[in-house]
Amino acid sequence: RRGKMAKLTQLIDNEVFRAYATYTAIVLLKMMLMSLITAYFRVTRKAFVNPEDTATFGKGESAKKYLRTDPDVERVRRGHLNDLENIVPFVGIGLLYALSGPELSSALLHFRIFTGARIFHTFAYLIPLPQPGRGLSWAIGYSVTFSMAYNVLKTLWLL
Amino acid sequence: RRGKMAKLTQLIDNEVFRAYATYTAIVLLKMMLMSLITAYFRVTRKAFVNPEDTATFGKGESAKKYLRTDPDVERVRRGHLNDLENIVPFVGIGLLYALSGPELSSALLHFRIFTGARIFHTFAYLIPLPQPGRGLSWAIGYSVTFSMAYNVLKTLWLL
Amino acid sequence: RRGKMAKLTQLIDNEVFRAYATYTAIVLLKMMLMSLITAYFRVTRKAFVNPEDTATFGKGESAKKYLRTDPDVERVRRGHLNDLENIVPFVGIGLLYALSGPELSSALLHFRIFTGARIFHTFAYLIPLPQPGRGLSWAIGYSVTFSMAYNVLKTLWLL
């Protein structure tokens, strides 16, 4: 048992994998934060989608007026979906990239730029900042994931 | 070849990783089930979104009336999206957590509470149960993932 | 340091894991492509959802007419969400499956059928092809993921 444990934890001892784990945890926590922001706007804007969620605001017809969409709620939800569309490929391709044996400096560069770009993207979406702020931060994160995928496929096919 | 295989399967022989694999497979299968429930409600409620999907119900104008939203279909779809938003972080952070060398008992506690909370969440959403049933089960799953992320970052930064 | 690196890269040297990495990178890149197709249709159809995105097309009232939904944009977005719902389980369950020590030929069969089915699904959705083309390709990908999950749980519980 002890021996197997030791071997398993070699993965988490590897510097590139530690970097991957750190930045993956950060961007996934950032994505999870969108749920809390959505809940905050739903409660403060009184804009719900499920009838059972409005029960605390009144019964019957008086509660029905809270079943509505709100621009701020929808904006956070779009940011959340954009996170899913971009952070899922980062987590999946990033794992393969971390296991493909890149230089630590290259790996850190990829992970840090992606994480920074996605945090900026969230601010750009929620404030909102004028374009092309949000578009550029999206494109930077997208390019980082594409670069990692390119490195993975190059390692798999050419080595 | 044989030697490499043996080393690779050490991961699946590790008890914590086996627990992670079991509960990850279960929650991902549960999430996949939402697609079947959506399809079931789309067919029984005759509520479709793509024109080509209504062709079996008639041609031209007579089929157009089936291009509509249905409250039951939309409810399942919201449950499915909520699964994506919560199960994706669990799978990603859970993998890092499993590799960070937690106690088996702690790991099982995390995985089992999350899995139970998400199964309850699905029933609470689809029946639907009165609040705060669904809200609480969502918060429990969310907290478990947050706790695993905290443990991962603590392991990475302090050890 | 060198020794740990060597051990880490054993994972990427394993033939089944290499196959998993290759097809996972391909389907995740395919999913990422949906973002570019959405952006293409948003710009060519002039159909946006965020007020700040229409600023380049005019100011005030003249730009508001571009805040609208377009059937082609919505179609790509549905395809993208369907990818998330199906490719996320493939990536998660596929990793566990690759680590559960399957025969290389079985693994390649699973990965190749899934990848082919999802690429066909995208064409079927975007052209669009008449049903049951899209439905069948969805069902094939779904079945492959289910088969991998079955193999994972069988390995975990019976060995």
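## Basis of the model

The structure is a predicted model, in which local features need pLDDT of at least 70 and side-chain atom pairs count only at pLDDT 80 or more, while totals for chains, interfaces and linings use all residues. Residues are numbered from 1 along each chain as its sequence is written, chains are lettered from A and ligands numbered from 1 in the order in which they are written, and side-chain values use heavy atoms, with hydrogens and water left out.

## How the copies are related

In general, two copies of a chain are related by a rotation about an axis and a shift along it. Of the contact residues of chain A, 13% recur in chain C, and the copies use different surfaces.

For chain B and chain A, a rotation of 120° with 0.0 Å of shift along its axis likewise gives the superposition, with an RMSD of 0.0 Å. Only 13% of the interface residues of chain B are also interface residues in chain A, so these copies meet through different surfaces.

## The interface of chain A and chain C

Chain A gives 38 residues to this contact and chain C gives 33 residues, contact meaning heavy atoms within 4.5 Å. The two chains bury about 3000 Å² between them, 70% of it on carbon and sulfur atoms; buried area is the accessible area (1.4 Å probe) that two parts lose on being put together, summed over both. Leu99(A), Tyr142(A) and Leu156(A) supply 20% of the area that chain A buries against chain C, more than any other three residues.

Three salt bridges are found across this interface, a salt bridge being a side-chain nitrogen of Lys or Arg within 4 Å of a carboxyl oxygen of Asp or Glu. Arg75(A) forms a salt bridge with Glu52(C), and the closest N and O atoms of this pair are 2.8 Å apart. On the side of chain A that touches chain C, the elements that give two or more residues are helix 1 (2-13), helix 2 (15-44), helix 4 (71-99), helix 5 (104-126) and helix 6 (133-158) of chain A. Helices (H or I, at least four residues) and strands (E, at least two) are DSSP runs, numbered from the N terminus. Helix 4 of chain A gives the most to this side, with 13 residues.

By class, the side of chain A that touches chain C has 24 nonpolar, eight polar and six charged residues. Here Ala, Val, Leu, Ile, Met, Phe, Trp, Tyr, Cys and Pro count as nonpolar, Asp, Glu, Lys and Arg as charged, and the others, Gly among them, as polar.

## The interface of chain B and chain A

This contact takes 38 residues from chain B and 33 residues from chain A, and the area buried is about 3000 Å², of which carbon and sulfur atoms give 70%. There are three salt bridges between chain B and chain A, and Glu52(A) and Arg75(B) meet through their side chains in a salt bridge at 2.8 Å, N to O. Helix 4 of chain B provides 13 residues, the largest share of the side of chain B that touches chain A.

Over all chains the salt bridges come to 21. Asp53(A) and Arg134(B) also form a salt bridge, at 3.0 Å from N to O, and this pair crosses between chains, from the loop between helix 2 and helix 3 (61-64) of chain A to helix 6 (residues 133-158) of chain B.

## Annotated spans and local backbone

An unreviewed UniProt entry carries the annotation "transmembrane region" for residues 20-41 and 87-114 of chain A; its positions are given in the numbering used here, feature names are shortened, and annotations may be inferred rather than shown by experiment. Residues 20-41 of chain A are 100% helix and 0% strand, with the end C-alpha atoms 32 Å apart. Residues 87-114 of chain A are 86% helix and 0% strand, and their end C-alpha atoms are 9 Å apart.

A cis peptide bond, with omega about -20°, joins Ile127(B) and Pro128(B), and Pro128(B) lies in the loop between helix 5 and helix 6 of chain B. In chain C, the peptide bond from Ile127(C) to Pro128(C) is cis, with omega near -20°. Lys46(A), in the loop between helix 2 and helix 3 of chain A, has phi near 45°, a positive value in a residue other than glycine.

How values were computed
Copies are superposed by least squares on the C-alpha atoms of residues with pLDDT of at least 70 in both.
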